Amino acid sequence: MQAGYVLNSAQQPHITSEREQYLLMAYPHFAENQQDKLPIEIAVFEATEQMEETIIRWMHRIISNKEQFTIQIAQQIDDATGRLQVRIADTTPFQQLATQLNVVSQYISSYQCKEIYFSVRPYLRSNQPCFAALFTITELVLMRKRYEQDDYRQVNVFGLKP
């Protein structure tokens, strides 16, 4: 299955010359013995490189105290369009994470950067339908890119408590 929960392009910040775009991702596993991953974009923000160390330190402190969680992905038919949609059944863990990371968002905005945009109901981009499944989130990955045309590169991995 090739799919991914992604932020709407309207929520992506415009990168200015002195700022970089950061993306916080979750990569749940289909099963313990499989390496298939379904990327879920949790948050996006802009910041300067000088802020990165502080952001990572705060995120590490918050995320490392959070326990691993399981999410269920379900499919349903949209009544208005008749199209198959895939969604996260319970977004509570993402809402809780957004609340906990609000202090980081405030720090970022204190430097005249836009606050973090949290996606607690991310849009699904999928090439194929998928079936209802449970996924365990064991880690979050912070990525960044300097220019719009660049690919993201990994900055840090934050493990969740077992």
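The legends below describe close-up views of a predicted model.

**View 1. Helix α1 and its length.** Helix α1 covers residues 52-63, which makes twelve residues. At 1.5 Å a residue, helix α1 should span 16 Å.

**View 2. The buried side of the account of α1.** Seven names belong here: E52, T54, I55, I56, M59, I62 and I63 are the buried residues of α1.

**View 3. The aromatic pair F69 and F94.** The structure holds four aromatic pairs. One of them joins F69 and F94 in an edge-to-face arrangement, with 5.6 Å from centre to centre and 90° between the planes. F69 lies in strand β4 (residues 69-77) and F94 in helix α2, so the pair ties together parts that are 25 residues apart in sequence. Both F69 and F94 are buried.

**View 4. An aromatic cluster.** Three residues, W58, Y107 and Y111, form one aromatic cluster.

**View 5. Q112 and its backbone angle.** Q112 is found in the loop between α3 and β6 (117-118). Most residues other than glycine have a negative phi. Q112 is not a glycine, yet its phi is positive, at about 60°. Q112 is exposed, because its relative accessible area is 63% and the cut-off for exposed is over 50%.

Note on methods
Residues numbered from 1 in each chain as written. Predicted model: local features only at pLDDT ≥ 70, side-chain atom pairs only at ≥ 80, totals over all residues. Heavy atoms only, no water. Helix = DSSP H or I, 4+ residues; strand = E, 2+ residues; numbered from the N terminus. Expected span 1.5 Å × (residues − 1). Buried < 20%, exposed > 50% of the residue type's maximum accessible area, 1.4 Å probe, protein only. Phe/Tyr/Trp six-rings, centres within 6.5 Å; stacked < 30°, edge-to-face > 60°.
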